Amino acid sequence: MVELATPSAGAPLRLQGSAQRPARLCLPLRLHFRFHFWSRSRGGQGRRQRRGPRVPAISSKMISPSVKWPLATRPLLLSTLLILLTVATPSLCQSREPTFPKASNGAPFPWNKMRLPEHIIPAHYDLMIHANLTTLTFGGTAQIEITASKPTSTIILHSHHLQVSKATLRKGGGERQAEEPLRVLENPPQEQIALLASEPLVVGLPYTIVIDYAGNLSESFHGFYKSTYRTKEGEVRVLASTQFEPTAARMAFPCFDEPAFKASFLIKIRREPRHLAISNMPLVKSVTVAEGLIEDHFDVTVKMSTYLVAFIVSDFKSVSKMTKSGVKVSVYAVPDKINQADYALDAAVTLLEFYEDYFNIPYPLPKQDLAAIPDFQSGAMENWALTTYRESSLLFDAEKSSASSKLGITMTVSHELAHQWFGNLVTMEWWNDLWLNEGFAKFMEFVSVSVTHPELKVEEYFFGKCFNAMEVDALNSSHPVSTPVENPAQIREMFDEVSYDKGACILNMLRDYLGADAFKSGIVKYLQKYSYKNTKNEDLWNSMASICPTDDTQHMDGFCSRGEHSSSTAHWRREGLDVKTMMNTWTLQKGFPLITITVRGRNVHMKQEYYVKGVADAPETGLLWHVPLTFITSKSDAVQRFLLKTRTDVLILPEEVEWIKFNVGMNGYYIVHYEDDGWDSLTSLLKGTHTAISSNDRASLINNAFQLVSIGKLSIEKALDLTLYLKHETEIMPVFQGLNELIPMYKLMEKREMNEVETQFKAFLIRLLRGLIDKQTWTDEGSVSERMLRSQLLLLACVRKYQPCVQKAEGYFRQWQEAGGNLSLPNDVTLAVFAVGAQTLEGWDFLYSKYQSSLSSTEKNQIEFALCISQNKEKLQWLLDQSFKGDVIKTQEFPDILRAIGRNPVGYPLAWQFLRENWNKLVQKFGLGSNSIAYMVTGTTNQFSTRARLEEVKEFFSSLKENGSQLRCVQQTIETIEENIRWMDKNFDKIKAWLQNEQLNLL
């Protein structure tokens, strides 16, 4: 699944970050890059979304064993302890009977765990589902073939919001066997039902359970849910679609809804003749079962998990093409938008062919459908052979879609198609290892698109994912990539930056470490070995263990060993490579290391420690990583490598150097501090000949410097001095990273009403980038990265009221408005033009009227963003109310609108108030623990930087009890606000003094 870290394509790059210090602007490729100039990033999520994560941090405050008790109290304490031991021991030691919950009818429910028992194994589902799009209800029959591995008369499975009318048991295969009625007990809190047979099932004998049930189409975005769209003529039409990941298949049919219970599925859908039904497999036949009622029969699926089942009843149209290997690829969309399907169709064909070749495993199904759903919570979903998408993640309007939209759509399609192997063919055993699905799919986006669409230059954006992940991973409330989860809310919380982005970054680091060919042969071996099965973390590492890095290696006892090499191309000299031990340090413990480099002549001293926000000296956690260090120096741009497995180590250079830069290209998931004059020499390098190192290296220096300010290792003055080189920068990633660091600083000032310094800082930022801003043409010329840079720089300049930009935008907006909104504006400047136009009441109203009739996702998102930066509180409140209601502005847009208004200096109190007043409805609509909820929580609160706001946040969330107080995003935002307060208290006066410094007048 692609979590929408940001809403949609074409909108402004979202400020994402999560946490701390000034909230950070996130990097472009979050999925659809949007960044908001009041934004600070998603702390958590996302995204899926999500993104969307959150288990409360456990405090480890323990009483010291050496605590001294006053002498006089010791006898009393001793006698009290003896009494406790003698009195309490029996009750403590007696084996307690397990307690069982009560079923909805008051009878005891025979199972007390969230996870299903393992002794009933489903093999095949025969499903018949009839959705009524008029009454918004559905009915169905599920026939599930099972076997028992031990005698039991109780069958426990999942069911949520379904009314079961009848359940029977057939012994043996075939339809003709006698059916025995089963007693049904329901346990709604655990989303389970129990089917009770009159006698135990015989071990190994096939049985079929038959369940008749009914339900209402869901009003949320998961399960079997209702979606609507408005035709060009204004008619509202209804369709029904599914979103089952992670735990919502049970909302559409009773099932064993855990990823390890793989089975095959035969699906039949009843519909009216005017509708079309599609599912995972091709249509085999259609039968008329009554007047005006058709039953579509789909082919039997391969063995797969319940969360990958999908079906849609709609009036969609489609376009199709065949791949070289004969797979039919189709894109489905509402009729008025099917003309926007061509780009995604071509991309899907190209990407599917790439994956078949790369994985060396044929795509196993006869077709691959991609469907654009009008109402969709995340970015997209990988249902096997019927992938589903938010419209903005799939549909490309050649006339109006932006460069970032093209990039976002390509990445999203590649993500979902990668899942057809990673996730669908080979599936994690349980949600604790979700990263095996999502981290891999996120990583493969970059591997595939860099080959299939080289003009997009996606490799430039990859390390931005790592900065996103580090934002949340630097908090104490973070979690290991692989972490235990049990209930649905905890499972939903796993769809966050750590599973997606950190997962992708550590895979990229491993590929850099092993070499691309060795890495590829390891994952192909993993996919081949575990096809149609479920895996754990260690299965992946075991598949890698027998693969040696390319170069002169010999394989010995599961390790790769090398002889001595003098050449700089030797990967990891004198090292045995134990992939599993190394990667466990990255997946089984949270956080990441800070590497401190001290150069003494030719000796380079290296030290690793756990990096955590808000702590000047890292706590002694005992955490150690196996860090594959890379570096270049002033004397050699050949990449040198060193595997740091201990807390400290020393390497010796062939000669002394003027500067040394570690983490080449940001391929490693760690940050670096250079002691003594290390930072000064790198700052001088940037100010002198910044192109001596790559743009990724320049961006990572900007990022690392400000990370070090947060823990007191580097002064804010030195970090700001480093950014001064940006007046000569022209590449997208260093410029965006500079904005990611600098914009959140004035965002924190806005929330403290520090107007004078805030104004000075905004003026400094425009002076710093004025040369680059003035060079931008108001056209759509150039590469994708040049176009995205133009779009964001002009938006920044206009929002910051840089007059040459504002005047040009006003002229464009006037022409566009006079032409009734039908004038074709250059796509890359539309965002800036709309942002300026929305500042008048007349312009705002005109933009909203165009929003209602637009068929372009990019245009709608650009208008939505512009409406949210109004300085009129009544307009902002109206926007919140309307998008929550969902009539004209769809509710799927609400998280983005709430967050955007939460970044607006005038609107943020409204957004925070709205979140509190509507919390229960939001949880009902978007799901407790979902990436959307996390995105809204952090979006409305994580730029707060006063103690009064901190107390408000703590008080509100603690009052929610089990309906939110335990969420990880809540822990994250509280940590973030505490860090913001500490950061501002420490650095504000220094920033004020630095701004007065006369050297800035030279800018």
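In the predicted model, 8 strands form an open sheet of mixed pairing, in the order β5-β4-β8-β2-β1-β11-β14-β13, where strands are DSSP runs of E of at least two residues and helices are runs of H or I of at least four, numbered from the N terminus, and two strands pair if DSSP finds at least two bridges between them. The edge strands, each pairing on one side only, are β5 (179-181) and β13 (283-290). Residues are numbered from 1 along each chain as its sequence is written. Because the model is predicted, local features need pLDDT of at least 70 and side-chain atom pairs count only at pLDDT 80 or more, while totals for chains, interfaces and linings use all residues, and side-chain values use heavy atoms, with hydrogens and water left out.

Within this sheet, β1 (residues 120-132) and β11 (residues 264-271) pair in the parallel sense over 7 bridges, and Ile 129 has Ile 269 in β11 as its bridge partner. A salt bridge (a side-chain nitrogen of Lys or Arg within 4 Å of a carboxyl oxygen of Asp or Glu) also joins Lys 268 to Asp 126, with the closest N and O atoms 2.8 Å apart. This pair links distant parts of the chain, Lys 268 lying in strand β11 and Asp 126 in strand β1, 142 residues apart. Lys 268 is buried at a relative accessible area of 14%, where buried means under 20%, exposed over 50% and partly exposed in between, with a 1.4 Å probe and protein chains only; Asp 126, at 17%, is likewise buried.

By this rule the count comes to 41 salt bridges. Among them, Arg 390 and Glu 893 meet at 3.9 Å, N to O, and both residues are buried.
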